[in-house]
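Please look over the structure shown here. A short report goes with it.

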Amino acid sequence: MQLTVGIAEMKVSKGAEDLIITHALGSCLGITAYDPMTRVGGMLHAMLPQGSLNADKAVENPYMFVDTGFPRLLEACLRSGAAKNRLIVTVAGGAAMKSNGGGDDFFQIGKRNIVMLRKTLWAEGIMLKASDVGGGFARTLTIEIGTGEVVTRTGTNSTVLLPAKNSVPA
Amino acid sequence: MSLNILVVDDSRMMRSVLIRTLQISGLPVGEVHEATNGQEGLDQLSKHWIDLALVDINMPVMDGETMIDHMRANPLTKETPVVVISTESSPERVEMLKKKSSGFVHKPFTPEVVKETIERITGVNHESGV
Amino acid sequence: MNPAFEQSLKQAALTTFGEMCMALPSVEITTDQIEAPFEAEVRVGFHGTVKGELSVRLYGTVLDSLAQGMIGDNELMDANLLRDALGEIGNVVCGNALPLIAGEMGKYRLDPPRPALAKDIPLKGPALETKTQVGLDGGRAEVGIHIEGGA
């Protein structure tokens with residue numbers, strides 16, 4: 001089944017047939033977490049770096065922000081049977097989109113999102129396995145729960161961020 | 001088998017950052033020893049078996065470059081891999097430090113870069129173990 | 001004031017605060033940030049192709065969170081560890097600014113950083129000809145440089 005993650009949403013699955021997808025990642029971040037042993041995976045589509053930018057919104061929808069959304073993605077993966085020390089985290093997006101405020105991306109939201117993810121991962125004690133970030137274009141991000149394969153697509157180009165692990169015992 | 005690692009930096013903060021990086025890297029880390037300058041680093045090398053040294057350059061008492069020169073002149077530590085971790089940016093200096101060491105990490109660094117550099121030098125990684 | 005040097009200082013400050021302290025520095029400064037009181041300073045001397053001193057002055061309450069970002073821990077830190085973190089910030093800003101200022105082939109050595117919190121004896125040093133600043137959560141950082149022979 002295909003599970004679509006909208007803007008400021010998160011999905012976690014342990015269904016081997018599931019594919020989680022998010023579209024149109026500009027300055028937003030698409031963050032995946034995957035445990036190759038228990039084959040639990042999830043994805044977050046966060047828009048802005050920190051919940052303190054809008055505390056009410058962060059309470060109402062923590063998935064909107066990187067620093068409040070990622071811990072919830074982590075929690076949800078652990079609840080579904082993932083182990084923190086096995087989690088493989090990847091990120092895509094964080095582009096410098098012209099629509100964010102003039103030609104030179106005045107607010108640098110994409111860049112700030114990436115810094116905040118790094119800070120959050122560092123505090124959680126998790127390393128980033130792979131990333132496809134920056135540039136000035138939108139990306140689509142997918143993760144296959146059965147294999148753990150993470151792919152980004154831009155137009156007709158695709159990049160494998162994390163290769164499929166077919167050798168993992170069922 | 002695990003890697004015994006020596007961390008040499010005059011900043012307590014940077015030693016903590018490097019040790020935390022080692023802890024979360026998933027690498028098989030054994031004993032971690034600390035030194036606050038090149039001389040202390042050489043003392044630690046004479047007392048413990050060290051598989052890898054992470055060495056800052058700009059330090060009081062004895063700088064990292066002098067420490068590496070001493071290591072290379074000693075048959076017991078001649079082959080010990082060294083990763084230089086420094087703010088040095090001029091290509092000429094970086095090239096020279098690379099020649100003297102096994103790897104160079106520029107400050108500021110990400111934990112991932114430190115991990116990848118250690119994996120490349122030691123042939124050890126998270127997935128395969130030693 | 002040398003605009004090219006100013007840009008180099010800004011670039012080194014943005015890189016250091018963003019990548020090492022995991023902070024979100026901004027180029028724009030608000031009135032609150034401008035009015036924030038002095039918190040700490042670090043000075044780093046350098047000599048070689050270029051000779052002089054670099055200073056990073058922090059205003060407001062920013063040092064704790066910069067140090068916490070470095071270490072990935074939200075615990076409050078003792079004054080010695082804050083001075084240590086401040087020293088490393090000075091060291092890294094200086095190490096990253098000088099190649100931009102002196103050219104890639106420049107050769108120089110950095111002196112050990114001299115950090116001082118607001119409660120410490122104020123640092124003495126040469127006047128800084130070129131200065132820039134970046135905004136930080138809770139205050140700002142001002143980075144300045146003195147180069148012997150003129151900037």
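## Conventions

This is a predicted model: local features need pLDDT of at least 70, side-chain atom pairs count only at pLDDT 80 or more, and totals for chains, interfaces and linings use all residues. Residues are numbered from 1 along each chain as its sequence is written, while chains are lettered from A and ligands numbered from 1 in the order in which they are written.

Helices (H or I, at least four residues) and strands (E, at least two) are DSSP runs, numbered from the N terminus.

## Helix pair in chain A

Two packed helices are described by the angle between their axes and the distance between the axes. The axes of α2(A) (residues 66-79) and α3(A) (residues 109-124) come within 9 Å and cross at roughly 45°. Axes are lines fitted to C-alpha atoms, for helices over the stretch in contact, and angles run from 0 to 180 degrees between N-to-C directions. α2(A) is therefore oblique to α3(A) (under 35 degrees is roughly parallel, over 145 roughly antiparallel, 65 to 115 roughly perpendicular, the rest oblique).

From α2(A), the contact (C-beta atoms, placed from the backbone, within 7 Å) uses A:Val66, A:Asp67, A:Phe70 and A:Leu74. From α3(A) come A:Asn113, A:Met116, A:Leu117, A:Thr120 and A:Glu124.

## Buried face of α3(B)

Helix α3(B) spans residues 64-73. Its buried residues are B:Gly64, B:Glu65, B:Met67, B:Ile68 and B:Met71. Buried means 20 or more other C-beta atoms within 10 Å of the residue's own, exposed 12 or fewer, and partly exposed in between, with C-beta atoms placed from the backbone.

## Contact between the chains

5 residues of chain B are in contact with 5 residues of chain A. Helix α5 (residues 111-122) of chain B gives the most to chain B's side, with 3 residues.

Most residues other than glycine have a negative phi, and most peptide bonds are trans. A:Ala8 has a phi near 60°. A:Ala8 lies in the loop between β1 (2-4) and β2 (9-13) of chain A and is partly exposed, with 19 other C-beta atoms within 10 Å. B:Val61 has a positive phi of about 70°. B:Val61 is in the loop between β3 and α3 of chain B and counts as exposed, with 12 C-beta neighbours inside 10 Å.

The peptide bond from B:Lys107 to B:Pro108 is cis, with omega near 0°. B:Pro108 belongs to the loop between β5 (103-106) and α5 of chain B.

Terms used. Two residues are in contact if their C-beta atoms, placed from the backbone, lie within 7 Å.
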